[in-house]
Amino acid sequence: MNNNHVIVVGYGLAGGLAAIELADAGFQVTLLEKMPMPGGISIMAGGGFKGSKNPKMSFQYLKHMNNGTTPDDVLRAFANSMSKIPNRVLELAKTNSSKIDFWDSEDRDAVSNHYGYPGYDSFIQCRITETPNVDLATKWKYVINGRGWEGIRLFNMIFDNVEARKDRITVHFDTPMLGLIKKDDRVEGVHTKFGEHSAEAVVLACGGFENNDDMKAQFFQGRPVYAHGHWGNTGDGIKAAQKAGADVWHMWHYHGSYGFRHPEGFAIRVHGGEAWRPTDPHPPRRHEAKKLYHIVVDKNGRRFMNEHMPYATDMGHRPMELWSGEEVRYPRIPAYFISDENGRTAGPWGTVRMNDVRAKDIYKWSDDNSKEIESGMFKKFDSLTDVAEYIGCDPAVLVATFHKYNNVSCIEGDHEYKRPNFSCFPVKKPPYYVAEVWPVVGNTQGGPRKNKNFQVIDPYGKPIAGLYTSGECGSIWGHVYMSSGNLSECFVGADLITQHLLSLK
Ligand SMILES: Cc1cc2nc3c(=O)[nH]c(=O)nc-3n(C[C@H](O)[C@H](O)[C@H](O)COP(=O)(O)OP(=O)(O)OC[C@H]3O[C@@H](n4cnc5c(N)ncnc54)[C@H](O)[C@@H]3O)c2cc1C
């Protein structure tokens, strides 16, 4: 065992933060990244994270969000550690003068907690708003991050902090962890293509299994489920931990949506509109930002879901995953996104996320959707009868679906699927534009099960000495996901793991 040396596997936010925290506590850190570039899916994220201003209340909220799938002591430790996040971020921001915006979740138009369980207002929302003196578009030219820069700014701040600690953190790219070294019940290092590397502890921060087709088929209800444009996360940490004796949890759960499929096979999630909270008496103004002129129908030409769920970019895939015993198929995979001329001119239908230095073409969605229509991702039709022929459904059923949506849901309210009034815009100005939509995984939540120190535990609850996880590799979210919870977990993991390793000294 190599004392005082910790190997961190994966250089996304969880790995970067763990390396920094451990280095600041006096450890020598080796940070291994499989891909030629850092960032993982973290750099494609929205960049929102949370602190807690009242850990007791936050614990209550986390308990509701997890609904018995994560023990109380883990949630308590998580909530307590969340209270340290704002100060920690202020500290990290000094390295490159990043500007941070903190706000109380109730102070803004933007909804940052979608479900009104007790304690939802106990958080402070955080994001990086400015990164002076650097051209991020050039520095991260192989990254496309949807509609904003916050995710890139956050990861960039962590990257600069790792660079500033080069005397204590050694980074190796193109170096996948191939397995763990375990001796006498203790994890003591990792295997890579260069051989064995020994350490006092190993932190698995190597993401989930978004890009492992077999694991998705084994654990998800629907299939196929497509992932965004980052190819590093293939469940390596989960398999290595299992081989070392780990239990797993939350494997079915993913942060997802519905979206389109680029011809090269990666997903582009639908522009889902802004989030809203069903328990709010007044929908926030920000909802006016994007008008959604589309509905989604199944293979029979019927609507089956609220296309603008409270948190569509987290839950949008869930209604699609039904397998029908009566029809002996997945009638909603793919489903069909149908918009019209108003929709075409109202802004991009999709938001692209990519992080791949090797990509020949960093795909940019056109402002007026014309490129996607030209490429054939969207088909164009003059009438609903033509749309029905393309889908292969009864035209009368599709016409009735549109009649009901345009003349009942948009006027009296969408009582059937509860799409909110402020988001029901008629779809009736030909031509119609149709694309297949699929379940899209943003990130998986499942992986090695962990305790309140983020130590990996075996199926009987015994910690595996020397083995930790952070980030989405075995995250705490086992029921409903709290927005900004995954990036927050990267901060929490770095804190709890470091504290535990120090306590063993
Ligand atoms: C579009 C989108 C928006 C999101 N927005 C938000 C948000 O605003 N707030 C929020 O909290 N969450 C958000 N999330 C979720 C969040 O981005 C992720 O859960 C989080 O970034 C995971 O961080 P990570 O460090 O665990 O994983 P990653 O950032 O994916 O890092 C894992 C790294 O490990 C590497 N790796 C994999 N296998 C190996 C191996 N064998 N050896 C070495 N390296 C390996 C990968 O290449 C990768 O670089 C979003 C997700 C998506 C997709």
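## The ligand and its shell

The element that contributes the largest share of the shell around the ligand is α14, with four residues. The structure described here is a predicted model. Of the 42 residues around the ligand, those that come nearest are Glu 33, Ser 42, Asn 233, Asp 236 and Leu 487.

Particular pairs of atoms can be named between protein and ligand. A nitrogen atom of the ligand lies 2.7 Å from an N or O atom in the side chain of Asp 236, a residue also listed among those that come nearest to the ligand. At Ala 14, a backbone N or O atom is 2.9 Å from an oxygen atom of the ligand. At Asn 443, a polar side-chain atom is found 3.4 Å from an oxygen atom of the ligand. The ligand taken alone exposes 1,000 Å², and the protein buries 97% of that area. Two or more residues of the shell come from each of the elements α1 (13–24), β21 (432–444) and α14 (485–503).

## Two domains

The protein chain is divided into domain 1, made of residues 5–252 and 445–503, and domain 2, made of residues 255–441. Taken over C-alpha atoms, the centres of domain 1 and domain 2 are separated by 31 Å. Domain 1 gives 48 residues to the contact, and domain 2 gives 41 residues.

Arg 353 lies in strand β19, which covers residues 353–355. Is this residue buried or exposed? Arg 353 is buried, because its relative accessible area is 8%, and the limit for a buried residue is under 20%.

Leaving aside neighbours within four places in sequence, Arg 353 is in contact with Met 44, Ala 45, Gly 46, Ile 144, Asn 145, Gly 146, His 228, Gly 229 and Arg 269. With Met 44 there is also a specific pair of atoms: the backbone oxygen of Met 44 lies 2.7 Å from a polar atom of the side chain of Arg 353. Between Arg 353 and Ile 128, the separation is 225 residues in sequence and 19 Å in space, C-alpha to C-alpha.

Thr 313 belongs to helix α9, residues 312–315. Thr 313 counts as buried because its relative accessibility is 14%. Beyond its neighbours within four places in sequence, Thr 313 is in contact with His 255, Gly 256, Ser 257 and Arg 269. Arg 269 is also listed among the contacts of Arg 353.

Glu 372 is placed in helix α11, residues 370–374. With a relative accessibility of 0%, Glu 372 counts as buried. Apart from neighbours within four places in sequence, the residues in contact with Glu 372 are Tyr 363, Lys 364, Trp 365, Ser 366, Met 377 and Phe 378. Glu 372 and Ala 164 stand 208 residues apart in sequence, and their C-alpha atoms are 42 Å apart in space.

## Backbone features

Where are cis peptide bonds found in the chain? One joins Arg 223 and Pro 224, with omega at about -5 degrees. Pro 224 has its place in the loop between α7 (213–219) and β12 (226–227). Another cis peptide bond runs from Pro 430 to Pro 431, with omega near 5 degrees. Pro 431 is in the loop between α13 (395–412) and β21, and β21 is one of the elements that give two or more residues to the shell around the ligand.

Asn 4 has phi near 70 degrees and is located in the segment before β1 (5–9). Asn 4 counts as partly exposed because its relative accessibility is 31%, a value between the limits of 20% and 50%. Asn 67, also not a glycine, has a positive phi of about 45 degrees. Asn 67 is found in the loop between α2 (55–66) and α3 (72–82).

Notes:
Residues numbered from 1 in each chain as written. Predicted model: local features only at pLDDT ≥ 70, side-chain atom pairs only at ≥ 80, totals over all residues. Heavy atoms only, no water. Near = heavy atom within 4 Å. Polar contact = N/O pair within 3.5 Å; in protein donor to acceptor, adjacent residues only side chain to side chain. Areas by Shrake-Rupley, 256 points an atom, 1.4 Å probe, with all protein chains shown as cover. Buried < 20%, exposed > 50% of the residue type's maximum accessible area, 1.4 Å probe, protein only. Contact = heavy atoms within 4.5 Å. Domains from an automatic or database assignment.
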